[in-house]
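Here is a short tour of a protein model for you to follow on screen. Keep the 3D view open and turn it as you read.

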Amino acid sequence: PSEYAAFRKIADRLAMPFFVIPGNHDERGAFRDAFADQAYLQRCGDFLQYAIEDYPIRLVGLDTTVPGEPFGMMCDARLAWLDDCLRQAPDRPTLVFMHHPPFETGIGHMDRTMCRNAGALANALADQHQILAIGCGHIHRVIITTFAGHATIVAPSPAHAVTLDLRRLLKAQKDLLESFIHVVAGAIDAKSPYTHGHCQRVPVLTQMLADVAHNADQGPLSDF
């Protein structure tokens, strides 16, 4: 409650209206109580999902939280609500907001806490041409991509920025390059009986020559 009160002191000074969605650090009951004056939240059912209809662009807020867990989820009930919500206004320009991004970023420890059933969410959003963009949080740094054919933006955070640790992505790129080399080498070896086994023999011969040079204790290669 004290964190919500601190936020309200800041947000309530805004001249513009603001709309909130829960994240992985929120508890739905406390969240609803902290924003008891926000009528759109009080109309929600079990999940804090809503549509704001008061502006030229429709605003749809989603609840991806899973109690006690850092990762997010859009269960069948939430997906059904989203599908019905979007079908009610298929021609109105719409922005969709959710806390957990539904895509991998390459930041390994954060990717383990994404929205886990992204495939089902993508199916729900794929043919909804009224969606202008999807806004997310959670990562604490700006990321711009596409998801289900829609522009998707991860907003920056007023708190710390998550380190751009891409070791997992770099390993995947290295594995991809290694696979590409094996494919090319296999194609070269299979092209002609004269080159058969060439790509396998060359590294072995190179290693043998390097070992001989390394073990030489006299002559021009003694300092190799």
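This is a predicted model: local features need pLDDT of at least 70, side-chain atom pairs count only at pLDDT 80 or more; totals for chains, interfaces and linings use all residues.

**Aromatic rings**
- What arrangement do the rings of F19 and Y55 have? Their centres are 6.2 Å apart and their planes stand at 75°, so the pair is edge-to-face; the angle has to be over 60 degrees for that name.
- This pair brings together distant parts of the chain, as F19 and Y55 are 36 residues apart.
- F19 belongs to the loop between α1 (2-11) and α2 (28-34), while Y55 belongs to the loop between β1 and β2.
- The count of aromatic pairs comes to eight.
- Elsewhere, ring pairs connect Y4, F7, F18, F31 and F35 into a cluster.

**The sheet**
- Six strands make an open sheet, in the order β1-β2-β3-β4-β6-β5 and with mixed pairing.
- Which strands are at the edges? They are β1 (50-52) and β5 (143-147), each of which pairs on one side only.
- From one strand to the next, the twist averages 20°.
- As background, strands of a sheet pair through backbone hydrogen bonds, in a parallel or an antiparallel way.
- Strand β4 (residues 131-136) and strand β6 (residues 150-154) run parallel and are joined by three bridges. Look for G135, which stands opposite I153 in β6.
- Strands β5 and β6 pair in the antiparallel sense, over five bridges. Here T146 is opposite A151 in β6.
- β5 and β6 also form a hairpin, with two residues between them. A148, in the turn, has a positive phi of about 55°.

- Helix α6 (residues 118-125) lies across β4, β5 and β6, and runs at about 70° to β5.

**Nonpolar cores**
- The largest nonpolar core has 27 residues, and L82, L121, L125 and I134 have the most contacts inside it.
- Which elements give two or more residues to this core? They are α4, α6, β4 and β5. The most comes from α6, which gives five residues.
- Leaving out residues up to four places away in sequence, I134 touches V96, M98, L125, F147, H150, A151, T152 and I153.
- A second, separate core has 13 residues, including Y4, V20, F35 and Y40.

**A closer look at T64**
- T64 sits in the loop between β2 and α4.
- Is T64 buried or exposed? The relative accessible area of T64 is 0%, so T64 is buried, a class that needs a value under 20%.
- The side chains of T64 and H100 are joined by a polar contact of 2.6 Å.
- Setting aside neighbours within four places in sequence, T64 is in contact with F71, G72, M73, M74, R78, M98, H99 and H100.

Terms used
Residues are numbered from 1 along each chain as its sequence is written. Side-chain values use heavy atoms; hydrogens and water are left out. Two strands pair if DSSP finds at least two bridges between them. Helices (H or I, at least four residues) and strands (E, at least two) are DSSP runs, numbered from the N terminus. Axes are lines fitted to C-alpha atoms, for helices over the stretch in contact, and angles run from 0 to 180 degrees between N-to-C directions. Contact means heavy atoms within 4.5 Å. Buried means under 20% relative accessible area, exposed over 50%, partly exposed in between (1.4 Å probe, protein chains only). A polar contact is a pair of N or O atoms within 3.5 Å; within protein, one must be able to donate a hydrogen and the other to accept it, and residues adjacent in sequence count only if both atoms are side-chain atoms. A nonpolar core is a set of buried Ala, Val, Leu, Ile, Met, Phe, Trp, Tyr and Cys residues joined through side-chain atoms within 4.5 Å. Rings of Phe, Tyr and Trp (its six-membered ring) pair if their centres lie within 6.5 Å; planes under 30 degrees apart count as stacked, over 60 as edge-to-face and the rest as tilted.
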